[in-house]
Amino acid sequence: MPQRRDLIASAIVVLLLALLPLAGSRYAIDLTTEVMIYALFALSLNVLIGFTGNISFGHAAYFAIGGYACAILLTTYGWPLALALPAAVVLAGLVAAVVGYFCVRLTQIYFAMLTLAFAMLVWGVAFKWKEVTGGDDGFTGIKMPEIIAHHVGYFYFTLVVVAAGIAALWVICHSAFGLTLVAIRENSVRAGFIGVDTRHMRWAAFTVAGTFGGLAGALFGMYHRGMYIENAFWTESANVLIMVLLGGIYSFIGPIIGAAVLHLLQTFTNQYTPYWPTVLGLILLVIVMVLPDGLIGLVRRVRARGGRP
Amino acid sequence: QGAPIKIGVLYPLTGGGAVYGAPALVGHQMAIEELNAKGGIMGRKVESLERDDKLNPATASSTMKELITKDKVDIVLGGLASSVGLAMTEVSKQEKVVYISTIPKSIQITTDKLHKYVFRTSANTDQEGEAMAILAGKNKLAKICHLELDYAYGNDLEAGILKAMPKYAPDAKIVLTLKPKLGATDFNPFIPQVMAAGCDGVLSGLWGPHFVSWVKQAAPLGFFNKIKWISGGEVGSHEIAGELKGEYPDNVISNTYELWYKGNDPSHKEFQEKLAKKLNTQETPQWAALGYIGVMYAAAAMEKAKSTDPDKVAEALEGLSIGTPVGTLTIDAKTHQANIGQFWGPMVKKPDRAYRMMEPAEYIQPK
Amino acid sequence: MTAMLSIDGLWKSFAGFVATRDVTFELLAGETHAVIGPNGAGKTTFFNLITGHLRPDKGSVSFEGRDLVGLPPQKIVRLGIARSFQRINIYPRLTVFENVQVALIAHEGQQWNLFRPGRSLHRQGTQELLELVGLASEAEETAGELSYGKQKQLELAIALASQPRLLLLDEPTAGMSPQETGETIASVRDIVKARGLTLLFTEHDMSVVFGIAERISVLHHGEIIASGTPDAVRNDPEVKRVYLGEHAHG
Amino acid sequence: MTLTMFTLNAFYGLALAMNMFIIASGLNLIFGVLRVINFAHGMFYMFGAYIVFTVAKTWGAPFFVGVLAAGAALAVIAFAIERLLLRHLYDKEHLMQLLFTFAIVLLMSDAAKMIWGTDQYSVGYPPGLGGAVNLGFVMLPQYQLFLCVVGPLIAVAMWFVVDRTRWGRVVRAATQDREMLAALGVNVPMVYAAVFTIGSALAGVGGALAAPRIALVPGMDATIINECFIIVIIGGLGNMWGSFLGALAFGFVVQFGTVLAPNWQDVLPYLLMLAVLIIRPWGLLGRPETGH
Amino acid sequence: MVERGADLKVDGIHTAYGLSQVLFGVSLEVKAGECIALIGRNGVGKTTTMRSIMGLTPPRQGHVMWKGQDIARLGPHRICRLGIGFVPEDRRIFPELSVWENLDIARRTGAAGKTTWSEEQVFALFPDLAEIRDRRGGVLSGGQQQMLTIARTLMGNPELLLLDEPSEGLAPLIVDLLQQRVGELKATGLSIVLAEQNLQFVMALADRVYILEKGEVRFTGTPADLKADERIVHQYLTV
Ligand SMILES: Nc1ncnc2c1ncn2[C@@H]1O[C@H](COP(=O)(O)OP(=O)(O)OP(=O)(O)O)[C@@H](O)[C@H]1O
Ligand SMILES: Nc1ncnc2c1ncn2[C@@H]1O[C@H](COP(=O)(O)OP(=O)(O)OP(=O)(O)O)[C@@H](O)[C@H]1O
Ligand SMILES: [Mg+2]
Ligand SMILES: [Mg+2]
């Protein structure tokens, strides 16, 4: 049964990650922490893209709301993490629910642009509400609970939260709910005629995506000890969108791969040349021209070839 | 001869910020070359690790951490945007590595967010605002229109000006304050308002492309005929004068860090000639000096501390005076702010040049 | 027999063009009823008005005593009316199996279940439906890659998955080979009988119409011009003139 | 607001609208026909501006020669991109096309850096258009008056070609069913290439025409592409008059909005789009997509 | 002039969609003014054969000879311009174009300079279309779309017509009319490849019949042969 195999594979990955700090490289720990956060972020977006077929150009909004809310609650209000984090995630989910209510009335590019508009509004609020968010100076100096203030502690914390988040998303995506979303993506008129309230379902998906995006954002803010309005800007939404597309939208783990590859690529390229746009551009071209289903398509093809007796 | 000393530096090298990041990096590289030619720091070679901050504070934060944890740099320099400067200040605090802010002007770096390891060798918005207030007073402006870009730098500069006005320009009254957005290219909503307000002078923080776009859109209406334009944001630099050439308007008084034609100070002359050779142009950009000074401060501090240990280097930087292309600078031991000044003066036509030059240029250095 | 669906004074016009003109119509519980008429007569529009795809300008539609006007399609399906489409309307990139499975999930109201793995639900029910319409061997194929005729059969299976009491089929056998037409009609007849369904359908294949319809209504220019038993309709001179021509034998 | 100020603002709003329409019209055309979300449009605009700088300022050619050169150069670049790369992508997911145009943005941004460096540039007004017309109670800049003439001219020309010619009908058919159109004897790949070329050339011309009014800097593509998308979307995707209307709405809302509520200026265009899409989900003149 | 052979000669074509092969060496030929019919159950490859001829799904192997030229590797628009017209089973009307515009974009002078067909002619063939000349294609009823599809292809003045299930969804009276009109077309010298489920229609028009099964031709003969052979009819066509 493939399901069990997937389960074992995931367990091994988590275990290997858990052993990483033993290798002793501070840099590897930091980088892996970042990749895990982006993986969750990308995966949350794919609930929308891969499962309802709606592209969001504004997913950074929920990321930023989660990040800012957690940062502000921890620092300005001195809440304990156990309260601040859930509250931030719920807030992101709530905002996603409100925004989603309007967005799911539209489809395709109109949907995308409306999500963009709302996200830019969130950006505007973060920008202008200087007393609370620090405006474009950013909100720095986040207070962190002792246990996770150290980078190793934070790594394990992220590992646990991200693994739980991914597991939850896995269950949701493979549930009856997830399958019905796919049907809506494929043909929403038809889905209406089998008795599915397509708008409500897409609304729910939007909210789920926003909620988990908020979780990723909260982790991100604490990792950097700062949130910045750039985190809510459309370029950030574009970045995570590229991660998802790069990995491949029609598979669960595609976005995880995309997030890891893109982030590492950007990080490493930047170490060698300021011409990273060219490098990234060329890589994207290759992927687009010869890897139709994103990186996951490549993985599958290689696996199919290797798996054949 | 020990292992090389590693200096990490972040400037925006792609996108909109590259206009300033790229020339600053040139100055930075020049300083490194000079140091190595002279045998390095404490006899150790100097290695420069240069990264693009993409004008994004989160990227800057990750990249700076990477420089510290992976590349084990001894000190970090650079930044351009205020938010990037603040993000780097935060990392420097966590990682206990010295950070010298070479361009960001946000006052917070040397006030609220000040900590042991952060220093600034660029001007800050209070200094700039003070200079503008002085000029407003000197030019006897009575009714002032105030233009700032609506973001951190603009707001901080506004605060700096308002703080200094009562002292230096007590008779001036601000009759209109307008704040176009950062990155604005179309100033049509603002130009008529300023023209209708009847002010005799404008205090402006519109820098670089903002200033150029304003000029292009306002000049056809005769805007600069009547109104004196006192501007921060270094629009008195050659990169703007040389580009606008004949279109550079009358009545502008502004600032710049460095003047390629100043030449009366020997250290400046030497610096400028080297830079001119490196860039293969007589008219050099001002930002190079900032990159250069940052490196020189780092080197001097390490030499003084005889160590690269951040604590010792930080201590050495406090109160440290060095000679630079813009004269002798001292870092205040308390505020960690260098007393770097700027050249201020009117931009005038020259019969033998296609572009305007600042004349007379007055070097205003904070006390 | 009681009226399952009663329609009274139904109007629909598109930008001045009247597609449904004052249609009054009753469908009896358990009957198999055909709506026929020339191309563009308004048959599909009529179906769309019943299933909530279009909203009538005037008139009422009531199903088992409930007013349907203004309800969205998904609510109407839940009341027990399912339909197939004249133009293929399936999930082209899902497998044949999933096409039907999703319909069963929706019918059971399980689409909100975030925890039960979707693919393990209703496997048997899906299999049965596929067998019923003769697609069992294509279960794992991608629906969009089926030939046209097979997609029509899938269309039928999806409609049946909602376990309707009233089934509307818009040209269910168009594009099918004679053999498949025969098979499909036979299975429809069986299902209708076995489940006690009421069936309303349109079709231009007279052998199908006269083969299974118990009553027939004829639409022309959006109006019902004749209604009654097959024999009565077959011999109606007006119907012959506008629609049947020499095909009245069927 | 006095009447004079109102008149001025109305005029400036119109000028902004026309400036934006010239750029957005090409995006709309490409969007409408190829269904490609062309993120590179802003980059084409930037190249147009830089090319007019090189031709008119560095080489000293007349400004309008520079404008034509910008249009021609972008046509060549776009044609090459379409023929060599983009045409292989029409059958793939829309998302792949999106990624593709993004890759073009990245590559061209570095190319611009290599060709023109990172300095900022400016281009002078063409002779005779650098002043203002004094109407007594207001002064109107000549160059913006000129843009107010060019915008409608482009609109009418595009309307004529798309709505009134057979080629226009073919183009509209191509948006709906490429394969069938080919089976009817139309060389669809060439239609696509032509549309992409024309649309991109319009971006180049738009950039060249915008150049005298603004500073040319790296990154000038980013804002413009967003604003163009907003205009195209609020007008109704692929609808030329919709874009025209969208540009007008954009121009007036941004001009008056910035004057009246300067605190909102950063998000004004987005607020406008939000309002339009909530009230009219498919844009001002758009229609829900029908089709297969 | 040498004796005129077949205008269209399909020679052993193999066609696949992605990985799944559908046609396994289909061969057929059509002479000028001839009508051949492809029949068979659903999914046997009738449509695919036509798409292969039209260049929409080019064959992987084999030849499609049209007037002595191999067109198997040409694009669909080239093939159309050589005088072949395709009427797809799923109609493919341009939904946002009006009926008239749908016709207009297909207007084309025939390969031999013929312009037999114009709006007037096709409207005479399908009077219903004249009435809805300005209606958007997307809102037409199924049957109206079918008529428009056929009319649209005729506007290209083809010499060979590929008709994929033309009678599908048409009212009986219209089917009769269509049958008559296709007969007339044939009489003008047009060659026709017909895929049809309506056997009556086939019998009335076809000169030869090809029965397909699983992507291969299983029977070739005249309608009379077919009628005579109960076994074949039984095996491939009826219940
Ligand atoms: N949205 C619409 N706008 C304008 N006219 C429409 C619209 N929908 C349908 N029509 C017109 O209404 C008439 C009835 O169409 P309908 O599809 O109901 O016919 P039908 O009886 O199903 O025909 P067929 O047997 O050919 O499928 C047709 O003339 C059609 O063109
Ligand atoms: N786009 C496609 N991708 C993959 N397979 C396809 C595709 N289109 C058709 N097929 C497959 O090719 C085979 C032949 O299909 P084709 O449409 O040619 O049959 P047909 O004889 O025209 O049937 P029908 O009478 O139902 O129209 C079928 O098995 C079908 O599943
Ligand atoms: Mg119909
Ligand atoms: Mg077929």
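At 2% relative accessibility, C:S177 counts as buried, because the cut-off for that label is under 20%. Keep in mind that this is a predicted model.

**Around C:S177**
- For orientation, look in the loop of chain C that runs between strand 7 (166-170) and helix 6 (178-195): that's where C:S177 is found.
- Leaving aside residues up to four places away in sequence, C:S177 touches E:G40, E:R41, E:N42 and E:Q197.

- Chain C is divided into domain 1, made of 1-80 + 165-250, and domain 2, covering 90-163.
- Taken over C-alpha atoms, the centres of domain 1 and domain 2 of chain C are 25 Å apart.
- On the domain 1 side of chain C, 18 residues are in contact with 16 residues of domain 2 of chain C.
- Together the two domains of chain C bury about 1200 Å² between them, with 60% of it on carbon and sulfur atoms.

- Four strands of chain C make an open sheet with antiparallel pairing, in the order 2-1-4-5.
- Strand 2 (17-28) and strand 5 (66-67) of chain C are the edge strands, each pairing on one side only.
- Strand 1 (residues 3-14) and strand 4 (residues 58-63) of chain C run antiparallel and are joined by five bridges.
- Helix 1 (residues 43-51) of chain C lies across strand 1 and strand 2 of chain C, at about 115 degrees to strand 1 of chain C.

**The sheet in chain E**
- Chain E also has an open sheet of four strands, with antiparallel pairing and the order 2-1-4-5.
- Strand 2 (20-30) and strand 5 (69-70) of chain E stand at the edges with a single partner strand each, so one side of each has no neighbour in the sheet.
- Helix 1 (residues 46-54) of chain E packs on this sheet and touches strand 1 (8-17), strand 2 and strand 4 of chain E; the helix direction makes about 110 degrees with that of strand 1 of chain E.
- Strand 4 (residues 61-66) of chain E runs antiparallel to strand 5 of chain E, and two bridges join them.
- Within that pairing, E:M65 stands opposite E:D70 in strand 5 of chain E.

- E:T47 sits in helix 1 of chain E, while E:E89 is in the loop between strand 6 (84-87) and helix 3 (99-106) of chain E, so the pair ties together parts that are 42 residues apart in sequence.
- E:E89 counts as buried, because its relative accessibility is 10% and the cut-off is under 20%.

**Chain E against chain D**
- The contact takes 25 residues from chain E and 20 residues from chain D.
- The area buried between chain E and chain D is about 2200 Å², and carbon and sulfur atoms give 54% of it.
- E:R92, E:F94 and E:I105 supply 27% of what chain E buries against chain D, more than any other three residues.

Note on methods. Residues are numbered from 1 along each chain as its sequence is written. Chains are lettered from A and ligands numbered from 1 in the order in which they are written. This is a predicted model: local features need pLDDT of at least 70, side-chain atom pairs count only at pLDDT 80 or more; totals for chains, interfaces and linings use all residues. Side-chain values use heavy atoms; hydrogens and water are left out. Two strands pair if DSSP finds at least two bridges between them. Contact means heavy atoms within 4.5 Å. Axes are lines fitted to C-alpha atoms, for helices over the stretch in contact, and angles run from 0 to 180 degrees between N-to-C directions. Buried means under 20% relative accessible area, exposed over 50%, partly exposed in between (1.4 Å probe, protein chains only). Domain bounds come from an automatic or database domain assignment. Buried area is the accessible area (1.4 Å probe) that two parts lose on being put together, summed over both.
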